[in-house]
Amino acid sequence: MVQAKVQAPLRILNLALNLLNTREGLGRVQLMTVVRGYGATDSASAQRVFERDIEHLRRMGLAVDVQDRFDAATYRISASSLPAQGTILTDREVALLLRAVDAWSDGSGEMEALRNKLRGFSETVLAPQQSSTRFSLESANGLEIVQGAIEQARPVAFDYLSQKGASQRCVAPWRVIVRGRALYLWGFDLDAWEPRLFRFSRFLTVPAFAAPPDSTPSQGPLQEVAFDPDFFLIQPVMLVRHGSSPITSAHSTPLPEVDSAEAGSTAAMPAPEDRGLWQRRVGEREDAHIWEERLLREARDVRVLEPSWLAELIGTRLRSAAAWREEDRA
Amino acid sequence: MPEPSTTILARLISMVRIIDAQPGISVAELAQFFGRPEKRIRADIDLLDNAGVGDLLPGRTFEIDYDLYTEQGLLTLRSPLNLSAPLPITEREFARLVTALQAMAPTLTDTEQQILPQTLSTLLAARSRMQASTADGDSLATLTPAISEATRAKVAAVQKALTDGTVVVFDYVNGAGRHSHRTVSPSALVLERDGWVMTGYCHTAESERTFRLDRTTNLSEAQAALMSAVDATSSSQGREPGETVKVTLHSGAAWALRESPAATVEEGPAGRLLATYQVWDPTWMRTELLALAPYVEDVSPHHYLEETAVYARQALEETLQGEDTGSA
């Protein structure tokens with residue numbers, strides 16, 4: 001008998017309802033018979049559809065238990081696997097969480113399904129006002145695996161792309177750090193044997209658990225090192241040409257002039273006759289990325305004195321660009 | 001574009017719970033709540049009316065009061081068939097929600113900060129029971145993003161002005177280096193790749209403008225007569241297409257291009273990478289080229305390469321002059 005075509009959401013909903021309303025569990029053939037839309041129970045394609053529907057339900061968070069009974073598997077969802085009936089979110093809480101979902105909006109249905117799920121927790125049906133604040137975070141494949149690894153104190157392994165190229169890493173994870181739109185894993189690099197930061201957007205593979213639970217000793221060098229919240233912040237000391245570099249000047253304040261000998265270095269100091277043209281200034285405390293962009297933008301009129309790594313970074317980029325088409329100038 | 005099955009399914013299950021908890025709710029209320037047209041909600045009701053357990057005999061379906069529904073557009077059901085609880089939150093969903101809340105921390109109002117621990121505790125309780133967790137709402141609520149105090153204060157001031165319907169005043173240096181003092185009624189605050197960006201009606205320019213918060217100084221909220229709210233969604237002006245700039249880089253740039261603002265990044269011949277940018281500000285493009293300088297092999301249009309090289313040489317000549325003539 002040919003079954004009338006049944007929409008997939010209805011078919012999967014009916015499958016869920018049957019699994020929720022059985023004490024003993026139901027076999028695959030039985031389920032494919034009572035739930036309209038599968039067609040012939042012995043059809044390989046119908047069986048694949050059934051298995052995909054079970055996966056759909058699991059991906060939605062429903063715990064589908066499979067038991068072997070009398071040489072056949074039986075399926076059920078225990079009602080106790082659902083959140084307690086009184087699990088409610090207030091309107092404000094739902095609004096807050098819907099804004100959080102917006103940070104991941106990538107056009108896929110996954111986040112829209114989450115929005116619908118969160119609305120199911122609501123105590124009323126007041127539609128939340130659209131927020132005027134928006135942001136979207138960089139993709140973070142494997143974020144839930146890393147969060148799970150943090151909770152269970154388990155190391156994770158992944159391939160990572162750095163300035164030196166691609167490499168395999170094994171890390172005892174401590175914390176996920178947010179910096180603007182970027183997400184980082186802060187943890188102990190078990191190969192380099194030191195704390196490191198890893199940016200999720202540079203993961204080449206989805207992280208996987210590297211060892212069983214409780215296998216990473218919590219004492220000694222692997223004990224969590226608190227992440228310094230000022231890690232990304234700098235206050236550069238610079239020489240700024242008078243009357244120039246409006247962006248750098250607006251975000252820095254003058255420093256007293258020092259004798260070059262007191263400064264301990266002569267290399268970066270201008271000639272005595274030029275010193276009146278340049279002013280020592282200290283930048284406001286801000287993210288290093290922001291300062292890097294400002295200083296590259298106004299590189300002709302700003303010389304970085306501190307931190308030395310920033311001076312070297314700016315210098316390297318300028319020297320690289322200056323060497324472009326050198327042969328054309330010869 | 002048709003909705004994915006999981007999206008519809010999540011809505012159907014949530015609707016069952018809501019109708020069961022609030023009998024007599026209307027189709028219009030559900031449409032507004034779920035942000036879908038009434039026609040879609042009615043289609044969902046039709047699906048629910050055909051759903052049930054086993055052979056769908058009486059007592060084995062939701063038994064929606066169809067007369068009440070068709071005559072008055074109101075919804076009740078006799079039994080939720082064990083679907084009276086919300087769907088569990090998966091590990092993947094939980095991780096994304098907590099991380100996003102961490103990133104949002106600077107923009108939360110005082111009220112939202114207060115409800116955050118309880119919200120996270122409820123989410124923890126609603127997690128799919130696949131594995132045990134040591135997390136708790138209070139500790140999760142203390143996670144904050146890495147952000148400077150200066151930026152945090154600016155974001156808070158703009159956020160407050162958005163909430164209160166007031167203005168912000170600040171000094172501004174634009175990309176061309178021009179100084180100005182601005183009074184702006186903000187309509188939106190967006191975190192972009194280059195940082196926080198505020199859009200609003202600039203009373204100085206008497207038009208809609210966009211400002212990077214990292215280019216502002218002395219920013220504060222100011223009391224002002226309430227201006228008519230600028231609808232952020234309708235005020236966004238169409239942007240003219242920028243100039244297309246193509247940059248050829250060697251393969252070592254792969255890691256740096258991961259977060260690049262390039263419109264596209266493709267593999268080229270001999271392992272090279274081809275990044276295409278849309279450019280509205282030549283100084284911005286020069287800055288991007290300098291940031292990628294160790295890897296750049298060619299740029300089209302060529303004048304970007306030449307001008308950036310000249311700029312870099314001038315910057316280095318200033319340094320060299322200082323080294324040559326400076327003395328202990």
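1. The area buried between chain B and chain A is about 11700 Å², and carbon and sulfur atoms give 61% of it; buried area here is the accessible area, taken with a 1.4 Å probe, that two parts lose on being put together, summed over both. Phe33(B), Arg96(B) and Trp255(B) supply 7% of the area that chain B buries against chain A, more than any other three residues. The contact takes 135 residues from chain B and 125 residues from chain A, where contact means heavy atoms within 4.5 Å.

2. A word on the basis of these values: this is a predicted model, in which local features need pLDDT of at least 70 and side-chain atom pairs count only at pLDDT 80 or more, while totals for chains, interfaces and linings use all residues. Residues are numbered from 1 along each chain as its sequence is written, chains are lettered from A and ligands numbered from 1 in the order in which they are written, and side-chain values use heavy atoms, with hydrogens and water left out.

3. Between chain B and chain A the count is 50 residue pairs in polar contact, both residues being at pLDDT 80 or more; a polar contact is a pair of N or O atoms within 3.5 Å, and within protein one must be able to donate a hydrogen and the other to accept it, with residues adjacent in sequence counting only if both atoms are side-chain atoms. On the side of chain B that touches chain A, helix α12 (residues 302–325) of chain B gives the most, with 15 residues; helices (H or I, at least four residues) and strands (E, at least two) are DSSP runs, numbered from the N terminus. The residues of that side of chain B divide into 67 nonpolar, 43 polar and 25 charged, with Ala, Val, Leu, Ile, Met, Phe, Trp, Tyr, Cys and Pro counted as nonpolar, Asp, Glu, Lys and Arg as charged, and the others, Gly among them, as polar.

4. Thr308(B) has its place in helix α12 of chain B, and Thr308(B) is buried, with a relative accessible area of 1%; buried means under 20% relative accessible area, exposed over 50%, and partly exposed in between, with a 1.4 Å probe and protein chains only. Leaving aside residues up to four places away in sequence, Thr308(B) touches Ala321(A) and Trp324(A), together with Arg286(B), Leu289(B) and Leu290(B).

5. The two chains also pair through strands: strand β4 (residues 133–135) of chain A and strand β4 (residues 179–192) of chain B run in the parallel sense over 3 bridges, the rule being that two strands pair if DSSP finds at least two bridges between them. In this pairing Thr133(A) stands opposite Leu189(B).

6. Across the interface of chain B and chain A the rule finds 11 salt bridges, and over all chains the count comes to 43; a salt bridge is a side-chain nitrogen of Lys or Arg within 4 Å of a carboxyl oxygen of Asp or Glu. Glu112(B) forms one with Arg99(A), the closest N and O atoms being 2.6 Å apart. This pair crosses from helix α6 (residues 110–125) of chain B to helix α4 (residues 91–102) of chain A, and both Glu112(B) and Arg99(A) are buried. The side chains of Glu151(A) and Arg127(B) also meet in a salt bridge, at 3.0 Å from N to O.

7. Other salt bridges lie within one chain, including that of Asp230(A) with Arg285(A), whose closest N and O atoms are 3.5 Å apart. Asp230(A), at 33% relative accessibility, counts as partly exposed, and Arg285(A), at 37%, likewise counts as partly exposed. In chain B, the side chains of Arg36(B) and Glu3(B) meet at 3.6 Å, N to O; Arg36(B) lies in the loop between α2 (27–34) and α3 (38–49) of chain B and Glu3(B) in the segment before α1 (5–21), so the pair ties together parts that are 33 residues apart in sequence.

8. Chain B has 12 helices and 11 strands, and buried residues make up 52% of its 328 residues.
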